[in-house]
Each structure stands twice: as structure tokens, then as C-alpha cells.
Amino acid sequence: MTDTLTVLGIESSCDDTAAAVVRLNSTATVLSSVVYGQTGLHADFGGVVPEIAARAHAEKLDHCIEEALTQAKLSLTDLDGIAVTAGPGLIGGVLSGVMCAKGLSAATGLPLIGVNHLAGHALTPCLTDNVAFPFLMLLVSGGHCQFLIANGPDDFKRLGGTIDDAPGEAFDKTARILGLPQPGGPSVEQAAKIGDPKRFKLPRPLLDRPGCDMSFSGLKTAMLRARDGIVLEKQGLTKADQADLSAGFQAAITDVLVEKSRRALTEYLTLRPATPTLAVAGGVAANGQIRDGLQRLCAELGVAFTAPPLALCTDNAAMIAYVGLTRLANGDIDDLTLSARPRWPLDSTAAPMLGSGKKGAKA
Ligand code: KG4
Ligand code: ZN
């Protein structure tokens with residue numbers, strides 16, 4: 001095997017069809033990363049429709065891969081392997097990607113590597129910032145919410161996670177409740193800028209209980225009640241009502257994430273890591289108030305804080321190609337019997353997560 005390895009990554013586990021080419025020599029370089037979103041296709045349905053998502057992946061994957069190769073100025077013969085998300089996620093979408101990768105592998109003879117989507121997110125700080133193990137990862141998106149200690153590329157310990165909705169889902173549902181556009185995260189954050197976070201008393205679920213587990217569905221119900229109260233009184237929401245409710249909701253989510261991060265960090269620091277680091281990933285990590293809260297907490301505890309650039313925080317195939325590269329470098333590959341897995345926990349010793357996110361059953 002040569003010193004330089006180049007891998008094509010394929011991602012189709014939710015509502016983004018993505019392909020990327022990443023090269024590893026002494027460091028890893030993203031040569032291309034193409035993402036086709038499906039937000040428009042699901043807009044009328046209030047959530048991701050698995051059948052529509054799977055069909056769109058099957059239609060778009062070839063074109064997406066071609067574009068990733070073109071942008072990287074490479075052809076299939078320049079590659080050393082094909083990495084594909086093999087789970088967890090919506091099974092139809094995962095199957096589309098796995099079948100496509102198997103076809104390419106069978107046709108070219110290139111090694112096939114089935115990658116855990118969560119490992120892709122969790123190892124992104126190694127790709128972007130060369131972060132050293134062990135580090136603490138907070139994964140917060142529309143489909144995931146968990147604290148993981150990454151001890152090594154294949155060694156994760158889950159400290160806790162949501163027992164119902166993911167924070168991104170809660171942002172999206174809140175936007176719907178308030179009549180704000182999707183995706184909800186950016187529009188709630190924008191509305192909150194001029195809002196009073198103290199006007200509505202909203203719950204901070206599970207803060208009264210020990211541990212790092214979280215819950216966000218009660219917050220959504222509280223938002224619904226608060227909105228209905230105003231609508232009953234005034235027959236509608238004013239801009240100020242929308243702003244105050246958004247600000248109150250964002251403050252509640254931030255308080256929960258920051259306090260639970262404090263607990264997760266306390267547990268992580270008992271490992272005495274040489275370079276203590278908290279890394280965040282997932283679309284919700286784009287939120288300025290949440291980032292600021294986590295950054296302040298890290299400064300207080302003497303821990304480095306790192307957040308990959310947004311394009312690599314949200315679903316993408318570069319993170320899948322990167323995990324594929326590290327596996328290929330160790331000769332750890334799959335064969336054509338690779339199967340798609342709707343559930344695939346990173347920490348197989350942790351209790352299964354309850355609830356289901358926009359990706360279907362939580363990992
Ligand atoms: O990681 P991602 O692109 O997809 C998955 O869910 O896997 O995350 C998308 C989620 C959406 O729920 C979106 O509302 C949320 O991330 N999001 C935000 C912000 N930007 C995106 N949430 C809060 N604040 C933001 N600025
Ligand atoms: Zn994801």
C-alpha cells in the first residue's frame with residue numbers, strides 16, 4: 001500500500017445526498033465535498049418522508065459522485081477505496097448508498113468500507129483540527145444528541161444523550177409553532193435577537209436529575225401552551241411575541257446543553273487528558289448563543305473548545321471518507337456482504353436510546 005491514500009465517501013442516511021474525496025498522506029485533505037439537500041422535497045410534509053428521501057438519493061447519487069470526482073480532478077481509477085455510510089439512519093436511504101458503493105466496488109475492484117455515520121461526526125475534529133484523543137464530543141443536530149468520549153478512532157464511550165427529541169427537531173418544531181420558516185434553527189435564532197428571554201417561564205427538562213441525559217419534548221409542549229395562551233388572548237402572535245418566545249426557548253436549550261456539558265466535562269476530566277478538548281458537531285452547533293455558552297464553560301474549566309466549519313458540522317461525505325481512510329490505512333475493510341443498519345450505536349455497552357428523531361430510531 002502506498003503512503004498516500006485517496007477515498008471516495010458516500011452519505012445518504014437522512015435528507016442529504018453527499019459525495020466527497022479525501023486524501024491522506026501525513027495529514028488529511030478534503031479534495032471535494034458535494035452535498036445535495038432535499039429540504040424542498042419534504043417541505044410540505046412537516047418532516048423527512050423516508051420513501052421520498054430514498055428515491056431522491058437513488059436518483060441523485062450517481063450525479064453527486066461524478067461531481068465530487070470532477071471537483072477533485074480525479075477518476076475512479078485514482079481511488080484506493082470506497083467508503084459509504086452503512087448506518088444508522090433511515091434504512092431506505094442507507095440502502096441506496098450501500099448498493100451504489102457495492103456496485104462501484106464490484107466494478108472497479110476497489111476495497112469497500114462501511115462507515116458508522118456517528119463515527120463520521122465524532123471524528124470530524126481529527127480531520128479539521130487534528131484534535132488528540134481522548135476528547136469529548138457533543139453531537140447536536142436534527143437527528144442526534146449525545147455526549148461521547150472519543151478514546152480512539154474505534155473506541156467511544158457514551159455519557160448520555162436525549163431520551164426523546166433532538167435539539168434541532170425542537171428548534172424546527174418551535175419554528176412551526178411560531179409560524180417561522182424552516183429550517184427552524186436559524187429562523188428562531190434570528191427572531192430571538194430582539195426578544196426578552198425572561199417573559200415566558202419555560203422548563204429546563206432533566207436538570208433536576210443527575211447525569212448527562214437530556215429531554216426536549218416537554219419544552220416543545222410548553223412552547224405550544226405558551227403560544228396557545230397568547231392566541232386565545234389576542235387571536236394571533238405579534239412580532240414581539242414571536243421574538244420573546246424564541247428567545248425564551250433558545251435560552252432554555254442553551255441552559256440545558258451548557259449544564260449537561262459541565263457534567264460530561266467533569267466526568268471526562270477524570271481521565272486526565274493531556275489536551276482536554278470539547279468538540280461540537282451537528283447543525284445546532286451553528287447557534288451563536290449555544291456556542292458562546294459552551295465556549296464560556298470551557299474557558300472556566302480550562303478546556304479547549306473546537307467546532308468544525310459548518311459545512312463539515314452538518315451531514316456531509318468528507319467525514320465518511322475520512323473514517324474510511326483511517327480504516328483502510330489499518331487494512332480494516334468490508335466485503336460485498338456489507339449490510340445497511342438502521343441502528344448502530346457507537347458505544348455498544350451503553351443502554352439503547354429511546355425516542356426517534358428525524359432520522360428515525362435514535363442510535
Ligand atoms: O446536522 P444537520 O444538518 O442535519 C441532521 O439533523 O443530521 O442539522 C440540522 C438541524 C436542523 O434541525 C436545524 O434547525 C438545526 O440543525 N440548526 C440550528 C441552527 N442552524 C441549523 N439550530 C439552532 N441554531 C442554528 N443557527
Ligand atoms: Zn448526521
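Here are some friendly notes on this predicted model, point by point.

1. Ground rules. In this predicted model, local features need pLDDT of at least 70 and side-chain atom pairs count only at pLDDT 80 or more, while totals for chains, interfaces and linings use all residues. Residues are numbered from 1 along each chain as its sequence is written, chains are lettered from A and ligands numbered from 1 in the order in which they are written, and side-chain values use heavy atoms, with hydrogens and water left out.

2. The five-stranded sheet. An open sheet runs in the order E8-E7-E6-E9-E10 with mixed pairing; strands (E, at least two residues) and helices (H or I, at least four) are DSSP runs numbered from the N terminus, and two strands pair if DSSP finds at least two bridges between them. At the edges sit strand E8 (155-161) and strand E10 (304-306), each pairing on one side only. On average, neighbouring strands here are turned by 20° against each other, direction ignored; axes are lines fitted to C-alpha atoms, for helices over the stretch in contact, and angles run from 0 to 180 degrees between N-to-C directions.

3. Helices on that sheet. Helix H8 packs on the sheet and touches strand E6 (135-140), strand E7 (145-152), E8 and E9, where contact means heavy atoms within 4.5 Å. The direction of H8 makes about 155° with that of E6. Helix H9 (residues 288-301) lies across E6, E9 and E10, and runs at about 160° to E10.

4. Although E8 is an edge strand, five of its seven residues are buried (buried is under 20% relative accessible area, exposed over 50%, partly exposed in between, with a 1.4 Å probe and protein chains only).

5. An enclosed helix. Seven of the nine residues of helix H6 (residues 184-192) are buried, so H6 is largely enclosed by the rest of the structure. Among the buried residues are Gly184, Gly185, Val188 and Glu189. The cover over them includes helix H5 (167-178), H8 and H9.

6. An enclosed strand. Which way do the residues of E5 point? Leu112, Gly114 and Asn116 point one way from E5 and Ile113 and Val115 the other way, and all are buried. With five of its five residues buried, E5 is largely enclosed by the rest of the structure. E5 pairs with strand E4 (residues 81-87) in the parallel sense over five bridges, and alanine 83 stands opposite isoleucine 113.

7. The second largest pocket. This pocket has a volume of about 300 Å³. On a 1 Å grid over the protein atoms alone, a pocket is an open set of points where a 1.4 Å probe fits, with protein on both sides within 12 Å along at least five of seven lines, and lining residues have an atom within 4 Å of a point. Grid points are joined across faces, edges and corners, and the volume is the space filled by probe spheres set on the points. Of the 16 lining residues, Ala119, Pro153, Asp154, Val323 and Arg327 are the closest to the centre. Strand E5 (112-116), helix H4 (117-129) and helix H11 (318-329) each give two or more residues to the lining.

8. Salt bridges. The structure holds 14 salt bridges, each a side-chain nitrogen of Lys or Arg within 4 Å of a carboxyl oxygen of Asp or Glu. Arginine 327, one of the pocket residues above, meets aspartate 332 at 2.8 Å, N to O; arginine 327 is buried at 18% relative accessible area, whereas aspartate 332 is partly exposed at 34%. Aspartate 241 and lysine 234 form another, with the closest N and O atoms 3.0 Å apart. Here aspartate 241 is buried at 2% and lysine 234 is partly exposed at 38%.

9. Glutamate 259 and arginine 263 meet in a salt bridge of 3.2 Å, N to O. Both lie in helix H8 (residues 239-269), four residues apart, about one turn of the helix. An α-helix has 3.6 residues a turn, so residues three or four places apart point the same way. Elsewhere, Asp165, Glu169, Lys173 and Lys220 are linked in a network of salt bridges.
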